[in-house]
Amino acid sequence: MATLADSFLADLDELSDEDNFVAKEDADAENMEEDIDGDLADLESLNYDDLDSVSKLQQTQRYNDIMQKVEDALRTDSNISNQGFVLEDDPEYQLIVECNALSVDIENEIIIIHNFIRDKYRLKFPELESLVHHPIDYARVVKKIGNEMDLTLVDLEGLLPSAVIMVVSVTASTTSGKPLPDEILQKTIDACDRALALDSAKKMVLNFVESRMGFIAPNLSAIVGSAVAAKLMGTAGGLAALAKMPACNVQLLGAKKKNLAGFSTATSQFRVGYIEQTEIFQSTPPPLKMRACRLISAKSTLAARVDSTRGDPTGKTGRAFKDEILKKIEKWQEPPPAKQPKPLPVPDSEPKKKRGGRRLRKMKERYATTEMRKLANRMQFGVPEESSLGDGLGEGYGMLGQAGSGKLRVSAAQSKLAAKVVKKFKEKRYGSSGATSGLTSSLAFTPVQGIELSNPQAHLNQLGSGTQSTYFSETGTFSKIRKN
């Protein structure tokens, strides 16, 4: 059994363990605070208020070198058509590959600057970002509006569609935003200028790639054209990336998110990207444009895969794909074949086999029209028929009741079939051995004797024999009279 001194020592050991655990927790908390302070220092060093710390692409040496090479190439207007095909180690081909990669970086940089502009301009017009989705359009509108509160004084014609301009003007009249300070407004305008400058640089890169597209992707250019092929390659990130992309995604490359701002979607077109700028798509009738877009996207993907492997530098495969697309669209527009009149079948001159005999006669007799139905179906000339509701309303009775009896019921003669059925029923019920009915009784009630026993069958036989004797006696008398 433990003594009091042992229990005191155990308590002291537990307290020492708790002190060590608390000291370890304090050390971990200090390390975590140091990490948090370091992260905050990194975040503070970014300084989101400074545009240069957010957008750094234009300050890189790679961007400046590629843009300088592109300007020199466009100025000298050199081409590589004399070589017949593009080699992987050709410097101009390497420049085209770098331009495709740079166009993707420029697109990402524009999105970053768009977020910067949106965060700053949200204090002035918070609803604008939900009305204008495209980054370049948003930057142009922000630069045009500035700090103006009355948008009726700002001309947005040419920057946005008419419907969106009207919605923006109405929304600006009820916005909760306030004018921006001069410092924040200047940073916002500078960000808009930088976004527009990057967009111009991207267009220059695409123009350069477009001018060399006939040698980089001859089959793709044969289908969609050099301009659209350059845009597809620039958005996808190069010819290899475009070749790996499925056709359903190629169809949406370059598509903008449409904002109808509450207007009807009945007249809005389907989502199509750069494919809608092709000559084939523009010449297709509106009901067939969606099918044509899918077909162009599928053939463009196949052509890009042929170009990525240098399968056909002459572009013959692309021209064959284009001819196939045009033939299919022309086939879709053909009217359906006229419906041929179906001739009547050749009449069968041979007599058909008809069933006859006793069974057919019985069936006809069973389903024959009764006399009552025949009279109801007939009408007498000059005599109005009676009806169930009177005055000619309801079901008409035809010639029923017009035979002079004044009754609607017609006594129908019993058919042979009915007589046979009755006879068969009696034989089945009473038997064919002459047994009496179970309803007959041997007790008779008379007014003189009251109840007496009698044989009903004997009485019936007596009546039957008496009738026969009377008949024969009468016939005998009749014969005697005739003889006399």
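Modeller: Angles between helices run from 0 to 180 degrees between N-to-C directions, and the axes are lines fitted to C-alpha atoms over the stretch in contact. Keep in mind that this is a predicted model.

Colleague: What is the angle at which helix α15 and helix α16 pack, and how far apart are their axes?
Modeller: Helix α15 (residues 289-308) packs against helix α16 (residues 316-332) at about 165 degrees, and the axes are 10 Å apart.

Colleague: Why are α15 and α16 called roughly antiparallel?
Modeller: Angles over 145 degrees count as roughly antiparallel. The angle here is about 165 degrees, so α15 and α16 are roughly antiparallel to each other. Their crossing is right-handed.

Colleague: Which residues make the contact?
Modeller: From α15, those in contact include Leu295, Ile296, Leu302 and Val306. From α16, they include Phe321, Ile325, Ile329 and Trp332. By class, the contact has ten nonpolar, one polar and four charged residues.

Colleague: What makes the pair Arg140 and Asp137 a salt bridge?
Modeller: The cut-off is a side-chain nitrogen of Lys or Arg within 4 Å of a carboxyl oxygen of Asp or Glu. For Arg140 and Asp137 the N to O distance is 4.0 Å, and the two side chains meet in a salt bridge. They are three residues apart in helix α6 (residues 135-145), and therefore separated by about one helical turn.

Colleague: How do you know whether Asp137 is buried or exposed?
Modeller: Buried means under 20% relative accessible area, and exposed means over 50%. Asp137 has 17%, so Asp137 counts as buried.

Colleague: What about Lys187 and Glu183: how far apart are they in helix α8?
Modeller: Lys187 and Glu183 are four residues apart in helix α8 (residues 182-211), and therefore separated by about one helical turn. Their side chains meet in a salt bridge at 3.8 Å, N to O. Glu183, at 58% relative accessibility, counts as exposed, while Lys187, at 26%, is partly exposed.

Colleague: What is the N to O distance in the salt bridge of Glu334 and Lys331?
Modeller: The distance is 3.4 Å for Glu334 and Lys331. Lys331 counts as exposed at 55% relative accessibility, and Glu334 as partly exposed at 44%.

Technical notes: Residues are numbered from 1 along each chain as its sequence is written. This is a predicted model: local features need pLDDT of at least 70, side-chain atom pairs count only at pLDDT 80 or more; totals for chains, interfaces and linings use all residues. Side-chain values use heavy atoms; hydrogens and water are left out. Helices (H or I, at least four residues) and strands (E, at least two) are DSSP runs, numbered from the N terminus. Angles under 35 degrees count as roughly parallel, over 145 as roughly antiparallel, 65 to 115 as roughly perpendicular and the rest as oblique. A crossing is left-handed if the near helix is turned anticlockwise from the far one by less than a right angle, and right-handed if clockwise. Contact means heavy atoms within 4.5 Å. Ala, Val, Leu, Ile, Met, Phe, Trp, Tyr, Cys and Pro count as nonpolar, Asp, Glu, Lys and Arg as charged, and the others, Gly among them, as polar. Buried means under 20% relative accessible area, exposed over 50%, partly exposed in between (1.4 Å probe, protein chains only).
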